[in-house]
Amino acid sequence: MTLKDFIGVELPIVQAPMAGVQGSALAIAVCNAGGLGSLPCAMLAPDAIRNELAAIRAATPKPFNVNFFGHVNPEADASREAAWREALAPFYREYGIDPATIPVGPGRAPFGPEAADVLEEFRPAVVSFHFGLPPAPLLARVKAMGAKVMSSATTVAEARWLEDHGADAIIAQGLEAGGHRGMFLSDDLTRQVGTFALLPQVLREVKVPVIAAGGFADAKGVAAALSMGAAGVQVGTSYLLCPEATTSAVHRAALKSEGARHTALTNIFTGRPARSIVNRIIREVGPIARAAPAFPLAVGAVAPLRARAEKEGSGEFSPLWSGQNASGCREIPAAELTRELARLVAR
């Protein structure tokens with residue numbers, strides 16, 4: 001089954017939902033070019049979700065994807081938070097930050113009833129999840145809207161679990177992908193494998209459509225995944241320099257630098273492994289810090305360092321999300337990039 005058969009889009013390209021670096025404009029551009037544009041909602045309050053979805057509806061009649069996180073917020077752990085702030089203390093002193101003034105908060109919200117209420121107003125064609133799936137009653141509400149449900153799998157076991165629990169399509173997320181790993185059955189990073197090792201294994205084990213993700217930067221890579229049986233390809237990093245993205249100046253500079261060739265999985269920005277361009281805080285604290293609180297509680301302690309550094313034009317304390325292959329990043333309209341990625345696909 002192709003992505004066109006599955007959801008009715010012309011091109012087999014899914015724009016990866018990228019919280020913090022995009023809004024509705026990028027999704028609209030990709031949709032109108034024939035791909036499946038995506039809106040990340042994990043960092044948006046219900047009213048903001050409503051406004052962004054209204055903007056998409058007003059600008060395109062095409063199908064689009066709305067993305068949420070499926071995690072469960074952990075209980076706050078005061079001792080772990082204190083240890084984390086102690087690990088960051090040298091940086092607080094350097095920037096004159098009083099850690100006692102830094103609030104503790106989750107920073108990322110899992111999909112919940114209020115978000116479902118908003119979705120019912122718009123009935124999007126696709127709703128996708130990262131970190132598994134929401135509880136069964138919430139998933140049933142999404143299905144009742146007529147939406148197709150997609151979620152990320154980083155292992156064969158996760159792909160099987162998603163199919164068994166109601167996913168209509170699976171995003172096979174290879175180790176190369178930028179941003180957060182979608183892993184949810186295990187936190188063992190040694191079980192994470194590359195896209196072209198994961199994709200054929202998942203295709204053999206599930207019956208639902210499979211979308212390949214991780215490391216795609218050009219039309220040849222897209223064609224290779226499709227030739228193996230993928231229904232489509234999800235691309236994120238390559239869109240980060242497009243004018244429709246809200247990527248910060250320091251993040252854009254990093255993506256255009258030689259440093260973009262060096263990425264690492266790190267938990268220091270949020271508490272979960274995510275792929276970023278290596279910068280000072282990753283080198284000096286991580287990449288994997290045992291002291292970091294559970295996702296998403298690590299966010300708060302790093303936030304003021306990021307703000308101070310970015311004010312000075314530095315990305316040394318910022319999450320510079322990027323996949324292992326940033327060679328596809330180009331400062332061109334998202335529509336042009338979408339069509340270029342699908343250039344070798346037979347229509």
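Let me begin with a term: a salt bridge is a side-chain nitrogen of Lys or Arg within 4 Å of a carboxyl oxygen of Asp or Glu. Please keep in mind that this is a predicted model, in which local features need pLDDT of at least 70 and side-chain atom pairs count only at pLDDT 80 or more, while totals for chains, interfaces and linings use all residues. Residues are numbered from 1 along each chain as its sequence is written, and side-chain values use heavy atoms, with hydrogens and water left out.

Side chains of opposite charge can pair when their charged atoms come close. The structure holds 15 salt bridges, and one of them joins lysine 256 to glutamate 331, with 3.3 Å between the closest N and O atoms. Lysine 256 sits in the loop between helix H11 (249-255) and strand E10 (263-266), and glutamate 331 in the loop between helix H13 (299-311) and helix H14 (334-341), so this pair ties together parts that are 75 residues apart in sequence. Helices (H or I, at least four residues) and strands (E, at least two) are DSSP runs, numbered from the N terminus.

For accessibility, buried means under 20% relative accessible area, exposed over 50%, and partly exposed in between, using a 1.4 Å probe and protein chains only. Glutamate 331, with a relative accessible area of 55%, is exposed.

What about glutamate 81 and arginine 85, are they buried or exposed? Both are buried, and their side chains meet in a salt bridge at 2.7 Å, N to O. The two residues lie in helix H4 (residues 78-87), four residues apart, which is about one turn of the helix.

In another salt bridge, the side chains of aspartate 117 and arginine 141 meet at 2.6 Å, N to O. Because aspartate 117 belongs to helix H6 (residues 113-122) and arginine 141 to helix H7 (residues 136-144), the pair ties together parts that are 24 residues apart in sequence. Aspartate 117 counts as partly exposed at 39% relative accessibility, and arginine 141 counts as partly exposed at 24%.

Let me turn now to strand E3 (residues 64-69), where six of its six residues are buried. On one side we find Phe64, Val66 and Phe68, and on the other Asn65, Asn67 and Phe69. Two strands pair if DSSP finds at least two bridges between them. Valine 66 in E3 is the bridge partner of leucine 39, and in E4 the bridge partner of valine 66 is valine 127.
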